Amino acid sequence: MIMGKVQMKDLDNLNMLVYLCEVSSQKITDSFRHAFNGILLFIKSERNAKIHFMATVIAIGIGLYFQLNPTEWLWILLAISIVWIAEMANTAIEELCDKLSPEISSEIKKVKDISAGFVLIASLFALAVGTTIFASYLL
């Protein structure tokens, strides 16, 4: 590009940049749409998701009632997030295992048991966080 003058090749580069930005923003929009769709599918189709949803509502409700401080909110939200992530990962792994191997398999059972362990560890962490924080308000 010559200072003060725009050459045709620069317009092509600019058009390409604009195009890439549009494509990129569309991909980002699609990614978010797919992610939210996955969360909704998870909540609608999985019994444990409904349980976690109710536990989330209760924990947030109790937190609002007791007016938790910002640090306590961070711990509660971290615990909630970890449980949701673990449960969704477990569900995805189980679904994939069921599709890959519909018959009973000791290898698939091992994978499913390990992924169920994700949820147990996350739930125990959430229980510890909730007990630690809410006990001080209840006692």
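Begin by selecting Asp98, which is partly exposed, with a relative accessible area of 39%. Here buried means under 20% relative accessible area, exposed over 50%, and partly exposed in between, with a 1.4 Å probe and protein chains only.

The model on screen is predicted: local features need pLDDT of at least 70, side-chain atom pairs count only at pLDDT 80 or more, and totals for chains, interfaces and linings use all residues. Residues are numbered from 1 along each chain as its sequence is written, and side-chain values use heavy atoms, with hydrogens and water left out.

**The whole chain**

Display the chain as a cartoon. It contains 4 helices and 0 strands, following the pattern α-α-α-α along the sequence. Helices (H or I, at least four residues) and strands (E, at least two) are DSSP runs, numbered from the N terminus. Of the 139 residues in the chain, 22% are buried. Among contacts between residues at least 6 apart in sequence, 72% join residues at least 24 apart; contact means heavy atoms within 4.5 Å.

**The salt bridges**

Side chains of opposite charge can pair when their charged atoms come close. The structure holds 3 salt bridges, each defined as a side-chain nitrogen of Lys or Arg within 4 Å of a carboxyl oxygen of Asp or Glu.

Lys112 is partly exposed, at 23% relative accessible area.

Next select Asp113 and Lys109, whose side chains also form a salt bridge (2.5 Å, N to O). Both residues lie in helix α4, 4 residues apart, about one turn of the helix. Asp113 is partly exposed, with a relative accessible area of 43%.

Then move to Asp30 and Arg33, a salt bridge in which the closest N and O atoms are 2.9 Å apart. Both sit in helix α1 (residues 8-45), 3 residues apart and thus separated by about one helical turn. Asp30 is partly exposed at 22% relative accessible area, and Arg33 is partly exposed at 47%.

**Helix α2**

Select residues 47-66. The 20 residues of helix α2 should span 28 Å at 1.5 Å a residue, and the end C-alpha atoms are 29 Å apart, which agrees; the expected span is 1.5 Å times one less than the number of residues.

Which residues of α2 are buried? They are Ala49, His52, Thr56, Ala59, Gly63 and Phe66. Seen down the axis of α2, these residues fall within an arc of 125°, so they line one face of the helix. The arc is that of the directions from the helix axis to the C-beta atoms. On the other side of α2, Arg47, Ile58, Leu64 and Tyr65 are exposed.

Now pick Thr56 in helix α2, which counts as buried at 15% relative accessibility. Not counting residues up to four places away in sequence, Thr56 touches Ile80 and Trp84. After α2 comes Gln67, whose phi is positive, near 50°.

**Helix α3**

Continue to Asn69: at the start of α3, a side-chain oxygen of Asn69 reaches to within 2.9 Å of the backbone nitrogen of Thr71. Helix α3 has 31 residues and reaches 44 Å from its first C-alpha to its last, close to the 45 Å expected at 1.5 Å a residue. Its buried residues include Ile80, Trp84, Glu87 and Thr91.

Select Thr91 in helix α3, which counts as buried at 9% relative accessibility. Leaving aside neighbours within four places in sequence, Thr91 is in contact with Phe42 and Glu46. The C-alpha atoms of Thr91 and Ser115 are separated by 8.4 Å, although the two residues are 24 apart along the chain.

**Last stop: Glu87**

Finally, select Glu87, in helix α3 (residues 70-100).

The side chain of Glu87 does make a polar contact with the side chain of His52, at 2.9 Å. A polar contact is a pair of N or O atoms within 3.5 Å; within protein, one must be able to donate a hydrogen and the other to accept it, and residues adjacent in sequence count only if both atoms are side-chain atoms. Leaving aside neighbours within four places in sequence, Glu87 is in contact with Phe42, Asn48, His52 and Val119.
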